[in-house]
Amino acid sequence: SSLAATFLCDCVARIPGNARFDRRIEFVNIFEELWGRGGLRFAQAMFMINMMAQTVSSIVANAQVMDSLIVYLNPAGASYAVAFYPSLKFVSWYPPKSEAVAHGGTAPACHSKTPEPFHYEHPH
C-alpha cells in the first residue's frame, strides 16, 4: 500500500501546474486530467461502488461478531432472529455443541458443516 500511495503522489505531482502540490487535486481529479470528463465519471462511479461494497461487508462482519457474542453470552447458547419471509416468525439457532468454542468444543461454530445459521429452504 505504501508503493501505491507513492505512485499516487507522483501522479498528482505530474499534473500540469501542480509540481509543488500548489493545486488541490483529489483522487478522481487525476482521472479527469488524464482522460477527461468521462474518466472522472468512471472513477467516481467505481469509487462509490467500492465504498458501498466495503460498507456492506463491514456491516455483515459486525453483525456476525454480535451474533457470536449473543451466542457466547446467552446461557442457552442460542442466537435469535425475526424471519419475514415466507411468513413472519421468530427463529433461533444453536451452534453444533461439538464445534462451538463457547460450549467446550475445539473449533469455532463458523467452521461447521452448515455455515448458514438462518438458511431458508424454499418449499417444493
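Q: Why is Phe90 called exposed in this predicted model?
A: The relative accessible area of Phe90 is 59%. Exposed means over 50%, so Phe90 is classed as exposed.

Q: Why does Tyr80 count as partly exposed?
A: Tyr80 has a relative accessibility of 37%. Buried requires under 20% and exposed over 50%, with partly exposed in between; Tyr80 therefore counts as partly exposed.

Q: What makes the aromatic pair of Phe27 and Phe47 tilted?
A: The planes of Phe27 and Phe47 are 40° apart, and the centres lie 6.2 Å from each other. A pair needs centres within 6.5 Å, and planes under 30 degrees apart would be stacked, over 60 edge-to-face, so this pair is tilted. Phe27 is partly exposed at 41%, and Phe47 is partly exposed at 36%.

Q: Why is the pair of Tyr80 and Phe90 called stacked?
A: For Tyr80 and Phe90 the angle between the planes is 10° and the centre-to-centre distance is 5.6 Å. Tyr80 belongs to strand S1 and Phe90 to strand S2, so the pair ties together parts ten residues apart in sequence.

Q: How do you know that helix H2 (residues 27–73) falls short of a straight helix?
A: The end C-alpha atoms of H2 are 44 Å apart, whereas a straight helix of 47 residues would reach 69 Å at 1.5 Å a residue. H2 also bends by about 150° at Trp35. Trp35 is linked by ring pairs into a cluster with Phe27, Phe31 and Phe47.

Notes:
Residues numbered from 1 in each chain as written. Predicted model: local features only at pLDDT ≥ 70, side-chain atom pairs only at ≥ 80, totals over all residues. Heavy atoms only, no water. Helix = DSSP H or I, 4+ residues; strand = E, 2+ residues; numbered from the N terminus. Expected span 1.5 Å × (residues − 1). Bend = angle between axes of the 7 residues up to and from the residue. Phe/Tyr/Trp six-rings, centres within 6.5 Å; stacked < 30°, edge-to-face > 60°. Buried < 20%, exposed > 50% of the residue type's maximum accessible area, 1.4 Å probe, protein only.
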